[in-house]
Amino acid sequence: MLDEGTPLFVQIAEQIADDIAEGSLAEGERVPSTNELAAFYRINPATAAKGINVLADEGLLEKRRGIGMFVAGGARQKLLTDRRQRFAEQYLDPMLIEARRLGIDDETLISLIRGNGHRNGGPAA
């Protein structure tokens, strides 16, 4: 499940964030402890803690003294908002710039996105 190209703590943080965004970890729900994560992924507990702390620093997790880390209120919405913004910046903005360069009008672009248009940029049949 973990890959060698990305630091382990980043992968732990991304996995937990994905679980929050998908709703499988709900707001107010306890996240696995650093020891549970370390045992599951066979990593050092300090590495797991670093991944959890990334999310805590972003306000997605909150510590409840003596109990553990929990998904913070509003965490899912914050993640979705941030990810939608990042999606637009990484994918939509460059696509729109290239479409303008190629002379693809809005109607044709929408048709292409919906899968109704030809891949050569021409009008739908």
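The model is a predicted one. I will begin with the fold. The protein has five helices and two strands. Read from the N terminus, the order of the elements is α-α-α-β-β-α-α.

Next, the overall dimensions. The radius of gyration of the protein is 20 Å, while a compact globule of 125 residues would have one near 14 Å. Taken along the principal axes, the box filled by the C-alpha atoms is roughly 60 × 30 × 20 Å.

Now to the helix packing. Helix 1 covers residues 8-22 and helix 4 covers residues 75-101. These two helices pack with their axes 8 Å apart, at an angle of about 105°. Because angles of 65 to 115 degrees count as roughly perpendicular, helix 1 is roughly perpendicular to helix 4. Which residues make the contact? On the side of helix 1 they are Glu-14, Ala-17, Asp-18, Ile-20, Ala-21 and Glu-22, and helix 4 brings in Ala-75, Arg-76, Leu-79, Leu-80 and Arg-83. Sorted by class, this contact of helix 1 with helix 4 has six nonpolar and five charged residues, and no polar ones.

The largest pocket holds about 310 Å³ of space. It is lined by 15 residues, and the closest to its centre are Glu-14, Ala-17, Glu-58, Arg-83 and Arg-86. Glu-14, Ala-17 and Arg-83 are also among the residues in the contact of helix 1 with helix 4. Which elements give two or more residues to the lining of the largest pocket? They are helix 1, helix 3, which spans residues 45-57, and helix 4. Helix 1 provides the largest share of that lining, with six residues. By class, the lining of the largest pocket has eight nonpolar and seven charged residues, and no polar ones.

The second largest pocket has about 180 Å³ of space. Its lining also counts 15 residues, and those nearest its centre are Ser-33, Thr-34, Lys-63, Gly-68 and Met-69. As for class, the lining of the second largest pocket divides into six nonpolar, five polar and four charged residues.

Terms used. Residues numbered from 1 in each chain as written. Predicted model: local features only at pLDDT ≥ 70, side-chain atom pairs only at ≥ 80, totals over all residues. Heavy atoms only, no water. Axes fitted to C-alpha atoms, helices over the stretch in contact; angles between N-to-C directions. Helix = DSSP H or I, 4+ residues; strand = E, 2+ residues; numbered from the N terminus. Parallel < 35°, antiparallel > 145°, perpendicular 65-115°, else oblique. Contact = heavy atoms within 4.5 Å. Nonpolar A, V, L, I, M, F, W, Y, C, P; charged D, E, K, R; others polar. 1 Å grid on protein atoms, 1.4 Å probe; cavity = no way out; pocket = protein on both sides within 12 Å on 5 of 7 lines; lining within 4 Å. Points joined across faces, edges and corners; volume = space filled by probe spheres on them. Rg over C-alpha atoms; globule rule 2.2 N^0.38 Å.
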